[in-house]
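Trainee: Could you walk me through how to read a few features of a multi-chain model? I'd like the general idea and then the actual case.

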Amino acid sequence: MLPPVFGVLFDGLAYGMLLFLLSVGLSVTLGLMNFVNLAHCAFAMVGGYVTVLLVNRYGWPFLWTLPLAFLIPALLSVGFERVFYRRFYGKSDLDQVLLTIGIAFVSVAAAAWFFGTTQQPISTPEVLRGSFHVLGLDIAPYRLFLIVVGVAVTAALIGGLEYTRFGAQVRAAVDNQRMASGLGINVERTFAITFAVGSGLAGLGGALAIEIVGLDPNFAFTYLIYVLIVVSVGGLGSIGGSLAAALLIGVSDIAGKYYVPQLGAFLIYLVMLAILMWRPSGLFGRR
Amino acid sequence: MTAPALKTSGLSKNFGSLGVARDIALDLPVGGRYALIGPNGAGKTTLINLMTGMLKPDAGSIVLGGEDVTALEPQDRVRKGLARTFQINTLFPGLNALEAVTLAVAERRGVSNQFWRNIAEYRESIEEAYEILAKLKLGDACYQPTRELPYGRQRLLEIALALATKPRVLLLDEPAAGVPHEESGEIFDVVAGLSDQLTLLFIEHDMHVVFRFASHIIVLVGGAIYTEGTPAEIAADPGVREVYLGKRHHG
Amino acid sequence: MASITDAGSGTEPARYLKRQTRWHWAETLFWLGTLLPFFLFPDYLQLASQIAITALFALSLDLILGYAGIVSLGHTAFFGTAAYAAGIFSKMVWGEPFTGLIVGVAAATLLGYASSFIIARFRHLTLIMITLGLALLLEQAANSASWLTGGSDGLQGIEIWPLLGHFDFDLWGYTAYTYSLIALFVVFLGVRRLINSPFGLALRGIRENAIRMPAIGAPSRKHIRTVYTLSAAIAGLAGALLAQTTQTVALDALGFQRSADVLIMVVLGGAGRLYGGLIGTIVYMIAHDQFSGIAPQYWYFWIGLLLIAVVMFLPNGILGGLQVAAAWVQARWSKR
């Protein structure tokens, strides 16, 4: 019989994987273009609502909606990048913050208009529902599924970055943009694709999050704070950093709420502040 | 025997396995006019960044007028008399020249933390700032925002800001960079007119300028000092010619 | 050596700088305008008092944002701390308003001073996250310490004694508005003086080019600590005023929402322009009051669009836009 701490760890890991999916895109694009995109979680929200729409309105099975939950935010992000973001690459932090907060506000209102302000439940496949008893712990298959997806995505990302030519281009551009474009790497195209993948992953995260934390129009902001914490703690431009930070924050949050519920979210803010003050560029950031 | 104006020993810096500064030893006498030349990427600006404190060395020391400043922050080194200009204009776009130089003077005089009196009451600081600007022929343009100044004048403002700190040692990073040949004369007149109590080290690519002003030339290649000597010695050195002078260069 | 008396310059530069800082007639008009609510909108004095308080808060944010270039998403940490401090003080000690203000301001100033050491060391995302983190932390703490703060129900039972023993804080709001307006005006004069001082010039230097500052011998971090502490004190004054004029303090005094709202107000009016925060606050809050019927998410839809429009087309806010318009009019006029 395993003590409850393992249950907490398991739940924390699953939650952390979810945070990773939501955050990794922002971390890489921030490291790549230094563009503070506070509308990132709005893309996540779009992915969630795509799933809601397809499952509830059109009766699609949950798992089949996931590729679209990835694709649609990815395509949307390409559009936004062309129309808005591109003009703000060199601009000040404040300008980028304001632009993207504005976009986030508009998306929240749009979501409320189309889907209402209440949480949207969806039906997940039978095999993922409920929980089974293992070694004295309640393991929810859905959370297990989350961890599997997280591991798969991590492997795909790291593999893509290390072993493909595109990945090498991304790494070069993150390292030194001027040098990279001097080498003939089309930095803008690299960024557009990376941005699309990142937003797509966020959308996937949003869809997967419905079952764990629910989806309502405020998702774009509620989870933005968590995502920003993960990104700043993990270090900009680092996939490994995002993973480490996401897992750390996920476990800390679940553990905090389980063991000391009165403190609520207190614990993760303390963790973030402590880490940032010790390593201002994050755990794996450059400087 | 007076201490050298600026002396470095064993100054080294690595970025990963890339040695951008390798065991650099410099010895600038007071009033010296030293030129630092070398191919692109040799580490000339890096050296200035190390000397001014913008970059922390991995090893070595920097001694300013007999005082070890290796551990000091950049602003403290400025206070001790070490100033620099930037190769790419690093000015205050929204401030006009008068405000910018007055700010530098006020910082030097230690009054910049006073927030209860109107700036206009600091007559001496303002007058000193205007004098510097007038000397650099920027007096008539001093009310225009910096971003509206023509490029050549901005380069002059770079120098004005550095002079406002009343330095003993001035490091000029390509003072006429990007300025068309016809206009760069003004900048070099200013350089020529600087007091001979002021020690100068300047990075330059234009060999005419180097031979006109420098009493001593240091050649930097791949982060290390390749050779140094008088202009005549350097001009005659075949190795230098091969490494640098032999290449086609843009005046 | 050139003498500055050559070419008739004399003390011209000093006089030029003095001219830049002179009181403009439009400013007099503005402050006279703040007296209008007493005569024209006596039913709205409570709202006017809230606008004055928020304008004060906006002014404090503009000081660090518009002048020193520090993007803070957590300035409510000081506003809310002072509000709670003043409120708790009035419950536990006595309800005299001026001492309550001092307590509130002191609490905010101390917190500001302590956090200034951390803030000054960071930039960009790390800075934004630290300011946000501190504020969120305080909000959680206030929520948890409900024995002291009333938690999510808010601080109840605050009773403020009449001002100077005579002027009651009543529902009409005459006292509240007079009180808040005087505080705003006095602090404004102080801030205006600061902006026109050498320190103000140093702040603008930091905003214009933070890298150049150490190269001219400027102790930027020290300057940032000073302005951050002062800004916290002013935000604290606003928070304490809120507690005293509304006689209640809720968690939203520490919340992210208020931080974001005030940031929008400053940017809307035009950051770094002294009056930007004030104008932005007035416009935003009056609009909010007029449209108070609509649901919050639809309000934010328009605010979102407004933000995008401002940042794309009117980067210096309303005041920046007015400046451009005025210059255009002047150019047309002189062509006649």
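Predicted model: local features only at pLDDT ≥ 70, side-chain atom pairs only at ≥ 80, totals over all residues.

Trainee: Where is A:Phe195 found?

Mentor: Look at helix α8 of chain A, residues 187-213; A:Phe195 is part of that helix.

Trainee: Which residues is A:Phe195 in contact with, leaving aside its neighbours within four places in sequence?

Mentor: The list is A:Thr29, A:Asn37, A:Phe43, A:Ser77, A:Glu81 and A:Tyr85.

Trainee: Okay, on to helix pairs. How do I read those?

Mentor: Two packed helices are described by the angle between their axes and by the distance between those axes. Here, take α13 (residues 256-269) and α16 (residues 317-335), both of chain C: they pack at about 5°, and their axes are 3 Å apart. Angles under 35 degrees count as roughly parallel, so α13(C) is roughly parallel to α16(C).

Trainee: Which residues make the contact?

Mentor: From α13(C) you get C:Val267, C:Leu268 and C:Gly269, and from α16(C) come C:Gly317, C:Ile318 and C:Leu319. By type, the residues of that contact split into 4 nonpolar and 2 polar, with no charged ones.

Trainee: And sheets?

Mentor: Go by strand order and pairing. In chain B there's an open sheet of 4 strands, ordered β2-β1-β4-β5, with antiparallel pairing.

Trainee: Which strands stand at the edges?

Mentor: Those are β2 (18-28) and β5 (67-68) of chain B; each has a single partner strand, so one side of each has no neighbour in the sheet. Inside chain B, β1 (residues 6-15) and β4 (residues 59-64) run antiparallel and are joined by 5 bridges.

Trainee: Last one, the interface. How much area do chain C and chain B bury between them?

Mentor: About 3800 Å², with 66% of it on carbon and sulfur atoms. The contact involves 38 residues from chain C and 43 residues from chain B. On the chain C side, C:Pro198, C:Arg212 and C:Ile216 lose the most area to chain B, together 18% of what that side buries.

Key
Residues numbered from 1 in each chain as written. Chains lettered and ligands numbered in written order. Heavy atoms only, no water. Axes fitted to C-alpha atoms, helices over the stretch in contact; angles between N-to-C directions. Helix = DSSP H or I, 4+ residues; strand = E, 2+ residues; numbered from the N terminus. Parallel < 35°, antiparallel > 145°, perpendicular 65-115°, else oblique. Contact = heavy atoms within 4.5 Å. Nonpolar A, V, L, I, M, F, W, Y, C, P; charged D, E, K, R; others polar. Pairing = 2+ DSSP bridges. Buried area = accessible area lost by both parts, 1.4 Å probe.
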